[in-house]
Amino acid sequence: MKQLLIVDNEETILFALKRYFSKLRYRVDAACELEEAEALVAHTRYDLVIADLSLTSGGSTEGLEVLRFLRTRSPKTPAILLTAFGTPAVEREARRRGAKAVLAKPQPLPELARVANALLEAQP
Amino acid sequence: MKRVLDRIQGPGAIRMEFQPIVKASGGEVELYAVEALARGPRGTSVERPEVLFEYARRKGVESDIDLICITEAFEAYAQLPHQPLLSINVHGSTLASVDHFSDRILSAAKAYGVAPENLMFEVLEYRAPWAIETFVSTLEMLRDAGVRIAVDDLGVGASNYQMIVDCHPDYLKIDRHVVRGCGEDRWRRAVLESIATLGSSCGAVPVAEGVETDADLETLLDLGIDTLQGWLFAHSMPPEELALHPLFSAKPSLKGQCS
């Protein structure tokens, strides 16, 4: 069973994502803040991380910090960044920090699952 | 959304389990002490203690969580039908930074009926240095009251010779990374041998953590390390389960303790 970390500060979205991916037989951890995500990454080997860009207020970019920390601790783990505030600069920075995909939010769950699955299948 | 920190700091959110520490002698083991082990709120991301404390460190509330854990440990310990030596983890940074730590803890211990002579603090740390003067004077105050001191996780991280020199410990708790597999690894055996010698030289009792196999047990006993903790003897368990455990049915022994 693949181990997935989902990071989002919006409770309803986090709940929905956790429920959806659990039904797809992923083992899912959920975090709603940066430090919580970092603590989990520091002590867990994840197969995939999905993080929202903004974890506090609109315009904040803690999701990039999640990517940075993940790259330090687990450089081979693929990550997807979700953002409602996407700009080319954010996407460039996210990819520089190791994101394999940057997706607009809201994202249809089946499409998110398709991208997640493709990234996992591309893993050696 | 209710932040993780609020959930951790809520009353009763952090639960305590106890893991027995045993003394082996003549082919038998008897209960020597119990270590209090914190567990985060059930079903949350911080249920695992390593994630709980990593999160606390990153939020800058490690000392607050330490104090909650110590109080919860006293409360859980007070439920036991009799009171063996109680060992509790505390970060070096907490000893060095919390005002009047010693007075506060001893008052709380008294409130729960925990005698200082029945209390041991296992000092652990992930980062150094801290305010060494406060750290040392807090340890002295605790020791003067009868509390015993252990260096935790010896052999990994910041639990090193500096910690031993600063703490003057009564116990050396050897990290499981060094212990696990020592029955088949001459390097681990050599490190353990040096710790046993060190303990003997400074009057500190070596305690092996993570004892899980008969081969490791045999090696430890060969080296004179007979104070032991690990799944070979007992897992950690809630106080009500510990009270019914066979190890707990006999009166605990405190022989071999350092003074």
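Chain B has twelve helices and eight strands in its secondary structure; helices here are DSSP runs of H or I with at least four residues, strands are runs of E with at least two, and both are numbered from the N terminus. This is a predicted model, in which local features need pLDDT of at least 70 and side-chain atom pairs count only at pLDDT 80 or more, while totals for chains, interfaces and linings use all residues. Residues are numbered from 1 along each chain as its sequence is written, and chains are lettered from A and ligands numbered from 1 in the order in which they are written.

Staying with chain B, the C-alpha atoms fill a box of roughly 50 × 40 × 35 Å along the principal axes. The radius of gyration is 18 Å, which agrees with the value near 18 Å for a compact globule of 259 residues; the radius is taken over C-alpha atoms, and the globule rule is 2.2 Å times the number of residues to the power 0.38. Of the 259 residues of chain B, 43% are buried, meaning that 20 or more other C-beta atoms, placed from the backbone, lie within 10 Å of the residue's own. Among contacts in chain B with a separation of 6 or more, 64% are between residues 24 or more positions apart; a contact needs C-beta atoms, placed from the backbone, within 7 Å.

Now chain A. Five of its strands form an open, parallel sheet in the order S2-S1-S3-S4-S5, where pairing requires at least two DSSP bridges between two strands. S2 and S5 (99–104) of chain A are at the edges with a single partner strand each, so one side of each has no neighbour in the sheet. From one strand to the next the twist averages 15°, with axes fitted to C-alpha atoms, for helices over the stretch in contact, and angles from 0 to 180 degrees between N-to-C directions.

Within that sheet, S3 (residues 48–52) and S4 (residues 79–83) of chain A are joined by four bridges, with A:Ala51 opposite A:Leu81. S4(A) also pairs with S5(A), over five bridges, and there A:Ala79 faces A:Ala99.

Key:
A residue is buried if 20 or more other C-beta atoms lie within 10 Å of its own, exposed if 12 or fewer, and partly exposed in between; C-beta atoms are placed from the backbone. Two residues are in contact if their C-beta atoms, placed from the backbone, lie within 7 Å.
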